[in-house]
Number of protein chains: 2
Amino acid sequence: MGSGSAANGGGGGAGAARVPMPAAKPFLETLGGNMKETFLPDDPFRVVRRERGCGRRAAAALRYVFPFMEWAPSYTLGTLKSDLIAGITIASLAIPQGISYAKLANLPPVLGLYSSFVPPLVYAMMGSSRDLAVGTVAVASLLIGSMLSEEVSAAEDPALYLHVALTATFFAGVFQALLGVLRLGFIVDFLSHATIVGFMGGAATVVCLQQLKGMFGLDHFTTATDLVSVMRSVFSQTHLWRWESVVMGCGFLFFLLITRFFSKRRTRFFWVSAAAPLASVIIGSLLVYVTHAENHGIQVIGYLKKGLNPPSATSLNFSSPYMMLALKTGIITGVIALAEGIAVGRSFAMFKNYHIDGNKEMIAFGTMNIVGSLTSCYLTTGPFSRSAVNYNAGCKTAMSNVIMSVAVMITLLFLTPLFHYTPLVVLSAIIMSAMLGLIDYPAAVHLWQVDKVDFCVCLGAYLGVVFGSVEIGLVVAVGISILRVLLFVARPRTTVLGNIPNTMIYRRMDQYTAAQRVPGVLVLRVDSPIYFTNASYLRERIARWIDDEEDQCKEKGEMQFQYVVLDMGAVGSIDTSGTSMLDELRKTLDRRGLQFSYLPLPFQIVLANPGSEIMKKLDSSKVLEAIGHEWIFPTVGEAVAECDFVMHSQKPGMVMGSGAPHENLV
Amino acid sequence: MGSGSAANGGGGGAGAARVPMPAAKPFLETLGGNMKETFLPDDPFRVVRRERGCGRRAAAALRYVFPFMEWAPSYTLGTLKSDLIAGITIASLAIPQGISYAKLANLPPVLGLYSSFVPPLVYAMMGSSRDLAVGTVAVASLLIGSMLSEEVSAAEDPALYLHVALTATFFAGVFQALLGVLRLGFIVDFLSHATIVGFMGGAATVVCLQQLKGMFGLDHFTTATDLVSVMRSVFSQTHLWRWESVVMGCGFLFFLLITRFFSKRRTRFFWVSAAAPLASVIIGSLLVYVTHAENHGIQVIGYLKKGLNPPSATSLNFSSPYMMLALKTGIITGVIALAEGIAVGRSFAMFKNYHIDGNKEMIAFGTMNIVGSLTSCYLTTGPFSRSAVNYNAGCKTAMSNVIMSVAVMITLLFLTPLFHYTPLVVLSAIIMSAMLGLIDYPAAVHLWQVDKVDFCVCLGAYLGVVFGSVEIGLVVAVGISILRVLLFVARPRTTVLGNIPNTMIYRRMDQYTAAQRVPGVLVLRVDSPIYFTNASYLRERIARWIDDEEDQCKEKGEMQFQYVVLDMGAVGSIDTSGTSMLDELRKTLDRRGLQFSYLPLPFQIVLANPGSEIMKKLDSSKVLEAIGHEWIFPTVGEAVAECDFVMHSQKPGMVMGSGAPHENLV
C-alpha cells in the first residue's frame, strides 16, 4: 500500500527522497562518539592536535595545563605596571576581608591572610582567567562555620576544629580536581542561575545578620543562622548592647557604603571603594589605639602570629570520627565555591572576549585548594567583589594575583602586629557592606518577568537559607530545579500542526493563525525525546488528540480522518519504552480503523523527519517494519501529500457515516 | 539592518510571514493551561462534560468512579457463563498461590486466602480493567518479607510482625490512592520497562533461590536473599538434605513445567496449566495423608483457621517505633505493586482495545489495599500470571474476580482443614514454576539489540537484586535511568544542517548525504529545550562548531562565514539561563566579528522557527531586541535566503584574508 507512489505525492521538491537509514556503525565507535560529545564538548585536545611534531605537541600540552606559559614569554613592562596597580589594590581589599571571613568560619584570623598568600600563586600558574582574584569568600566561610559547628566546637577544641576545617578543604580540592579531570563539570550546571541568585542573596542576608553580634558588641550569640534565632538572640540581650560599638560600626558602615556608591557612579574612582576597607581598618585601629577603647567594650583582633604559612600536612586527619563530616563539608562547600568561581571567571572572560574552559578551571581550583590545605589555608575560590575590583583596576594577566600574594607575604612577615588594635566592629562593617552588594534585587525582578518558575526557585532558595539554614536553602533550590527538569521530561508538549496555505510548510496551529487543518490527516508534533518517563503520557495525550479530532470531524460532518502524521523532527532520542509506545499507537489505530468498516483504508500512522538514531532504533525493534518503511517521509509536507494522494485515489466525498463498506484497494 | 528586506530573500512561499509574537495571556490562565497539560493529559472529565443536565452528569460521574455501573446493566447470562469458567479457573490457581506467597512474606498462610477474598470484590467495583485478576504477588511478598525482617522477627514476635505488615499495606494503599487523586501517576513511569524486566527477573531468581529451603527440606535458612548467602546456606547443610523432599519437589516441579509447556503450545488447553497447581496440592496432600510422610521429613502447612477475614482495624499501629519501617515498606512495595498491576492491566487492555486510565487504576488499587488492611489482607495487585490465565479462560468483565472471591470464601468457610496435609515442598514447586516464567530472557536480548543503555539498566537491576538485595537492585536501576535522563538533558545534541539542493529544505548533514553546506552561513540545530542544565554545554559546543567552520573556511580559502542560523524548531522550552546563553552567544559573535575588520558586516545570530513560548521569553528578557526582531524567521529556508540576500548586496567574492576593511553598509 502506498509504496512507490511517494514521488506522485511529493511536491516539496525533495522528490522521492527517502529518509535514509544510517549505516551500521560498530558499537565501540558509536560509544566513542557519544562519549566525546558528552565529556569533551569543547574538544580540549584540539590545541595539541593542531601542532606537528612531538616536541611542539608536548609544548602545546604543557601550555594547555599551565596557561601562564602562554602569556609569560610576551610579558612586558607596560603590562606589569597595570598588574602592579591592580595587585596592590586587591591586596588592600584582601587583607581586611581575609581576616573578617576567617572569623566567619570560626577560624583564627591569620588563616585568612595565609589563604591569600599560597592559593593565588597556584592559580596564577594554572588558571585560565586573567581577571579572577583568588581569595576566601563569605558564603563558603559561613557554610564551613555552620556545618562544622554542628559537631565540633571551635571555642572548646580549636585545634580539632582547625584540623577538620583543613581536611574539609583538602577534600573540597580533591573533589573539584576530580570533577575537572573526569570532565563532570556539568554537575555545577545543576546550580542554575536562579538558584545562585536566591542562594547568594539568602547567604548574604544571613551573613549580615551574623554581624549584628559584632555591631552590638555582644559576647554570647546563637550558633543558629536563621532569622528567627538571630533576632531572638539580639533582642533578648538589649541590656548588653554597647553604644560605643554601635556608633563605631554604623559610622564605618556608612563610610563604606558612601564610598561604594561614589565609585559606582564614577568608575574612574574605583580605587576609592577598593581602598575604603583598608582605610577603615587603619582609621579604626588608630582610633582604638589612641582612645584605648578596647577597655570600653570595643573588641579587638588581638595578637596575630608573625610569619608565613606553616606546613599543615600533618594536620590532615583521615581516620578521626570526623572524617565523614569533613568529607560532607568539603564536597558541599567545594561545589558552591566552584559555582561562584566559574561564574565569576566566565562573566569577566565574556567582557574581554576570551574563552574559559570550565573543566580546566576546576582542576586549577582543585589544585589550589589541595596545596592550600597543606599550607594552612582554608577554602579559596574567585570572589566576585575582589575580581570586580581587579578588573576595574585594569589587571591584564594573572600576575596581579602574584602581586597581591607578595603584598600579603610582606604583611605576614612584618605588619601583623599593626592589626592588634583593629576593632572587630570594623570587620563586621566591612563584611556587611560587601554582603549588601550580593543581594541582587534587580535579578530577582528580572526572573519574575521572564520565568515564573525560575523566580520560585530563587525565592525558595532565599527563604530556605534565611528561615532554615544554608543547607536547607540549597536543597530546596536544587530540588525544585531538578523537579522542573524531570517534569519537563515527563510532560513534553505535543501540538497539532497546520498547513501554511500555498506552501509545503507545517506550523503549530496555536501559534500561527494562518495554519490550516488538513482534512483527513491529523499532523502532530512531539517536542522532546520519547523516553520511559514520558512514553505513557504521550500515548494518552496522542489518544486525546485523536479523540478531539474525531469529535471535530463528527461535528462538522467531515470525512473521517485516517492518517496520523507524527512530526519526529524534534524527537532527539528514543529508548525501548518509546519504540513500544509507537508500536502500541500503531496497534490502537489499527483497531480503531476496524470500527469504521466503511473506511476504504485502515487508520495509518505516518512518521515525518525522524533522525538517524530514531531510524536505527525503530529498525532494530521491528517497529519500522510494522509501520511500513513506505510511511516514513523526510518532511511533513511530503507525508501529507502522500496521504492526500492515496485518499483521493479512493472514491471521493466520503462523509462520516454515509459511506458503504469498501474493500481495501491495496 | 535587513529589516524590510525579508520579502526579497524569502523564496519558500511563505513570503514575508514573520514569526508571530503570542498574545499576552493572564498569568493564571497560562498556569491553568500548563496544569491541565501536566496533570490531566487524558482529560478525565470529558465524559462528564459531554452530558447535559445535572442528573445525567452525576450519573456519568458515578459511572466514572465505579466502572462496574457501565457493564452491570447490560450483563447477560452468556457473559456470566464466560466469567464463571474464568473465575473458577483463577480460583484454583489463587488458593495455592495465595498460601505460597504468604509464606514468602513470612505471614500466616491463611492471610493469602484472606487476600484473595476482599480485595477482588473492591476491584470489581472500582477497577476499569476487564481482565485483571486480583491477588498477592511473589515479588511484593518477598519485598515485604525481606524489608520487615530486617527489624522485626516473624518467628519471635509473629503478632507484631503481622501488625507492621498490615500497617505497611495500609500505607501502601493510601500512597497509591494519593498518587491517583493527585494525578501523579507519572512517578510510576520512572520505573522504565527495562528496569521492570531486570528487576522482575532478578526478583524471580531470588524467589526461586528462597525455595531451595523447602525443596531440600531444611529447617534453618539464611534471612539474606542474595545468591552468595543462599548458596552458602544450602551447601553448608548438605548433611541435612532430605531426599524425600527433594524427590517430591522435583517431581511436582517437573509436572508443573510440563503442563505449562503443553498449554503454551496449545492455547485451547490453557486450563491444564491453570489447574495444575491445585491438582498438585490435592495429589501432594493425599500422598502425605496416605504415607504419613509428615513424620519422615516432609513439612506440611498444618492447621489453617476456618472462617472469613477477621476485622483488623485495631491491628494498625501508627505510634509504634516501627511506624517508619511500615511507611517505608508501604511506599516501596506500593509503587512496585502499582507498576506491575498497571503494566498488566494496560497490556490486556491493548489486546482487547479498550482504554485504561492509569490514575483511576491507582485509586482502585489504593482503595482495595486500604480496605484490605482493615480486613486482615496484605498487599494485593494484579499479578501477571493469574491475569493471563483469566484472559485465556475467556473472562468478559471484572465479574470473574467476584466468582473467584466467592470460591475462596467457600474454601475459607468449609475447606481449610483439607490443607492440613499439604506439603510445603509442593508450594515451593508451584512458586518456582511461576517464577521461571517471569525471567524474560528474550526481552533482555531485545533490549541489547535496540538500546545498549536500556540493557545496562536491565542488567544493573538484575545483578543488583541477585547479588545485593531487592532494594539495592531497585535503587541501581532507578538511579541509572534517572542519570540517563539527566545526562540527556545536560548533553543535548547539536547538528549542522545543510541544504537539500533545489529546495528550501534543510536537513542534518550527518544523516542526509545530499545536504550541502551553504557558503557564508552556518546552520545549527539544537535538539532539546535550553535549560540551566545544558546552557553552558551548548555555549561551548556551539563555539566549537563555529571554530570548526572557521577552520574549514580557512582550509578551503572560502569566504569567511558571517551568519549563524540557529534552528529553534526543536527547542520546546527555555529558561532564564537559556536566554542568557543566547545573549552571550550574540555578544561573543559580535566580538568575533570585530577581529575580522575587513568584513562588510559584523557576525550575526539568526533564529529560525522559535516556538511561541520561546518568543515570549526572548521578548521579556530583551534578548529579542538585542538580536533584532528582523533576524527571526519562521523557517530555516527563509533565514538563509535573507542572509544570502544581504551578503550578496555587498561586494561579492570576499576571500578569507584578501579583503580590505569595508565600512558597514547599514
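At what angle do helix H21 (residues 441-450) of chain B and helix H22 (residues 452-468) of chain B pack? Point 2 takes this up.

1. Ground rules. This is a predicted model: local features need pLDDT of at least 70, side-chain atom pairs count only at pLDDT 80 or more, and totals for chains, interfaces and linings use all residues. Residues are numbered from 1 along each chain as its sequence is written, while chains are lettered from A and ligands numbered from 1 in the order in which they are written.

2. The helix pair. H21(B) and H22(B) pack at about 145 degrees, and their axes are 6 Å apart. Helices (H or I, at least four residues) and strands (E, at least two) are DSSP runs, numbered from the N terminus. Axes are lines fitted to C-alpha atoms, for helices over the stretch in contact, and angles run from 0 to 180 degrees between N-to-C directions. H21(B) brings B:Ala444, B:Leu447 and B:Trp448 to the contact, and H22(B) brings B:Lys452, B:Asp454, B:Phe455 and B:Cys458. Residues are in contact if their C-beta atoms, placed from the backbone, lie within 7 Å. Five of the contact residues are nonpolar, none is polar and two are charged. Here Ala, Val, Leu, Ile, Met, Phe, Trp, Tyr, Cys and Pro count as nonpolar, Asp, Glu, Lys and Arg as charged, and the others, Gly among them, as polar.

3. A residue in H22 of chain A. A:Tyr462 lies in helix H22 (residues 452-468) of chain A. A:Tyr462 is buried, with 24 other C-beta atoms within 10 Å. The cut-offs: buried means 20 or more other C-beta atoms within 10 Å of the residue's own, exposed means 12 or fewer, and partly exposed is in between, with C-beta atoms placed from the backbone. Leaving aside neighbours within four places in sequence, A:Tyr462 is in contact with A:Gly198, A:Gly201 and A:Gly202. A:Pro610 is 148 residues from A:Tyr462 along the chain, and their C-alpha atoms are separated by 43 Å.

4. An enclosed helix. Helix H18 (residues 384-392) of chain B has seven of its nine residues buried, so it is largely enclosed by the rest of the structure. The buried ones are B:Phe384, B:Ser385, B:Arg386, B:Ser387, B:Val389, B:Asn390 and B:Tyr391. They pack against helices of chain B, including H6 (77-104), H15 (270-291) and H16 (323-352). B:Gly394 follows H18(B) and has a positive phi, near 85 degrees.

5. The sheet of chain B. Six strands form an open sheet with mixed pairing, in the order E2-E1-E3-E4-E5-E6 (chain B). Strands E2 (506-508) and E6 (632-633) of chain B stand at the edges with a single partner strand each, so one side of each has no neighbour in the sheet. Two strands pair if DSSP finds at least two bridges between them. Strands E1 (residues 494-499) and E3 (residues 521-526) of chain B run antiparallel and are joined by three bridges. B:Val496 stands opposite B:Leu524 in E3(B). Helix H24 (residues 535-556) of chain B lies across E1, E3 and strand E4 (563-567), at about 150 degrees to E3(B). Helix H28 (residues 636-649) of chain B also lies across strands of the sheet, at about 170 degrees to E4(B).

6. The sheet of chain A. Chain A has an open sheet of six strands, ordered E2-E1-E3-E4-E5-E6 (chain A), with mixed pairing. Strands E4 (residues 563-567) and E5 (residues 604-608) of chain A run parallel and are joined by five bridges. A:Tyr563 has A:Gln604 as its bridge partner in E5(A).

7. Domains. Chain A is divided into domain 1 (6-22 + 493-648) and domain 2 (69-438). These bounds come from an automatic or database domain assignment. The domain centres, taken over C-alpha atoms, are separated by 59 Å.

8. The interface. In chain B, 74 residues are in contact with 74 residues of chain A. Helix H25 (residues 576-595) of chain B gives the largest share of the chain B side, eight residues. That side divides into 27 nonpolar, 28 polar and 19 charged residues.

9. Symmetry. A rotation of 180 degrees, with 0.0 Å of shift along its axis, superposes chain B on chain A (RMSD 0.1 Å). The two copies are thus related as by a two-fold rotation axis. Superposition is by least squares on the C-alpha atoms of residues with pLDDT of at least 70 in both copies. In chain B, B:Ala570 has the C-alpha nearest the axis, 2.2 Å from it. The same surface serves both copies: 100% of the contact residues of chain B recur in chain A.

Notes. Two residues are in contact if their C-beta atoms, placed from the backbone, lie within 7 Å.
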